Amino acid sequence: MNTLLRCTNLNHGLMGTWWLGKTRSCYSYHSEFLIRWMTTSKRVQDRSKKKRVHDLEVATEKWKITSKIIFLLELLKQEPEMVIPVRSLDQHRRQINLPKPHRISDFLRKTPNLFELYKDQKGVLWCGMTPKAEDLMEQQQRVIEEYADKVAEHVTRFLMMSVEKRLPLEKIAHFRRDFGLPLDFRTHWVHNYPQLFRVVKALDGVEFLELVSWNPEWAITEVEKKRAVTEITETSQTNTSGMLSFPFPLKFPANYKRVYRYYGEKIQHFQEMSYLSPYADARGLKAGSLEFDKRAVAVMHELLSFTIEKRLVTDHLTHFRWELVMPQKLMRLLLKHCGIFYVSERGKRFSVFLTEAYEGSELIEKCPLVLWKEKVLELVGYRGRKKKFEISSEGSDVEDHDRLVLDHGDSEVGDLHVQIEPRGTLDYRDLLLDDESEMDVGEISSTY
């Protein structure tokens, strides 16, 4: 027992490395403890860092770069003359993950196709958009207007899945970019579809978006829609209780073959289970039951299907735990069902992907807003080179962005290059039914 405790302390850096070579038995205990610690830890990084999907990590990095640039473009768009003093951008360092002492002006110079800098007569440095950037923002406005009806459908279905058929407006705002909502979402857009939803104010002043009318055609899940039309019709007629029996599409990476070999029976059992539709009342389900978990998987599948990238930042999901009747240990659920979802821990803000929506690192079906974002990425100069993903549980977006953007020196303007190298995988543990680790989304630091 004392030997094991000494080896445990060694793992936490409290003893010198000389002890490891002291005895072969100590090494054996240490190895066993380390493996057990890595598979039962509550840290998401420790559970998933050896099970990365290379292509989806590429997608994570790509979208992360794009979001920083789009944030600045939208910020400039809201200015009266679409220009802003560079020093005023200092308050937005957190959003673009640019730590001091690096200069924001250097960051802007890295993307000369989109941002231009100039000094006024007083020597104040200003930032504006290039003609190409202005044209891009006009294109974005047109795409958002053309895509608005589809977004309204997704928002309505989101309300239909909630317990009270209404959601706080402030919480929905977290998903603005994910759903493709416009900048004036809260002030104007929400009033454009009075036949679908309306804004109501509670006694405490909190504003809610409330469902106006139930559309039975929109209460059909995306999983159902992918089945034959006749099968959907029959299901709609027979499942009056809201129970569904459609399996979820599974997409495991090649190195997850052991999942089928050892746990195929359990996966098949879960797939064949009937479950409550995300649009049915779930308040009677017992938390922790397989029925509860499968319905939660269905909700997550549906919600991710609504997003333009089929991807969400996980800390945003914590806000809807009660409204959508989701489990307390939501991250654990996502990691369990690794054939349906993939969790990327790039940086401090984890992302969850709908795996079936991707072929390699590319979306299979790209909506107009995704195609527009790819145009932005082209002008940023992203090439997918010169970047290694280190297996580290302490990584952050700030550090990644620092190395990504500021490696050309103060005066040189260069393209952004990223390469993601594949890593090995750890032996798969029973993530489907393993209850040793209870991970909560709330355990992850949130950044807004």
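The model is predicted. It holds 0 disulfides, and the count of salt bridges comes to 25. Helix H16, which spans residues 368-380, is described in some detail.

**Cysteines**

**Helix H16**

- Helix H16 is made of 13 residues, 368-380.
- From its first C-alpha to its last, H16 reaches 19 Å, which is close to the 18 Å expected at 1.5 Å a residue.
- The buried residues of H16 are Leu-369, Val-370, Trp-372, Lys-373, Glu-374, Val-376, Leu-377, Leu-379 and Val-380.
- These buried residues pack against three elements: helix H4 (54-77), helix H7 (131-161) and strand S13 (362-363).
- Gly-381 follows H16, and the phi of Gly-381 is positive, near 100 degrees.

- Glu-362 and Lys-62 form a salt bridge in which the closest N and O atoms are 3.3 Å apart.
- This pair links distant parts of the chain, since Glu-362 lies in strand S13 and Lys-62 lies in helix H4, 300 residues apart.
- Lys-62 has a relative accessible area of 8% and is therefore buried.
- Glu-362 is at 32% relative accessibility, so this residue counts as partly exposed.
- Strand S13 and helix H4, which hold the two partners, are also among the elements that the buried residues of H16 pack against.

**Other salt bridges**

- Arg-103 and Asp-106 meet through their side chains in a salt bridge, with 3.1 Å from N to O.
- Within this pair, Asp-106 is buried because its relative accessible area is 5%, whereas Arg-103, at 44%, is partly exposed.
- Asp-281 forms a salt bridge with Arg-283, and their closest N and O atoms are 3.1 Å apart.
- Asp-281 is partly exposed, because its relative accessible area of 48% falls between the cut-offs of 20% and 50%.
- One network is formed by Lys-150, Glu-153, Arg-157, Glu-222, Lys-225 and Glu-302, which are joined by salt bridges that share partners.

Technical notes: Residues numbered from 1 in each chain as written. Predicted model: local features only at pLDDT ≥ 70, side-chain atom pairs only at ≥ 80, totals over all residues. Heavy atoms only, no water. Disulfide = S-S within 2.5 Å. Helix = DSSP H or I, 4+ residues; strand = E, 2+ residues; numbered from the N terminus. Expected span 1.5 Å × (residues − 1). Buried < 20%, exposed > 50% of the residue type's maximum accessible area, 1.4 Å probe, protein only. Contact = heavy atoms within 4.5 Å. Salt bridge = Lys/Arg side-chain N within 4 Å of Asp/Glu carboxyl O.
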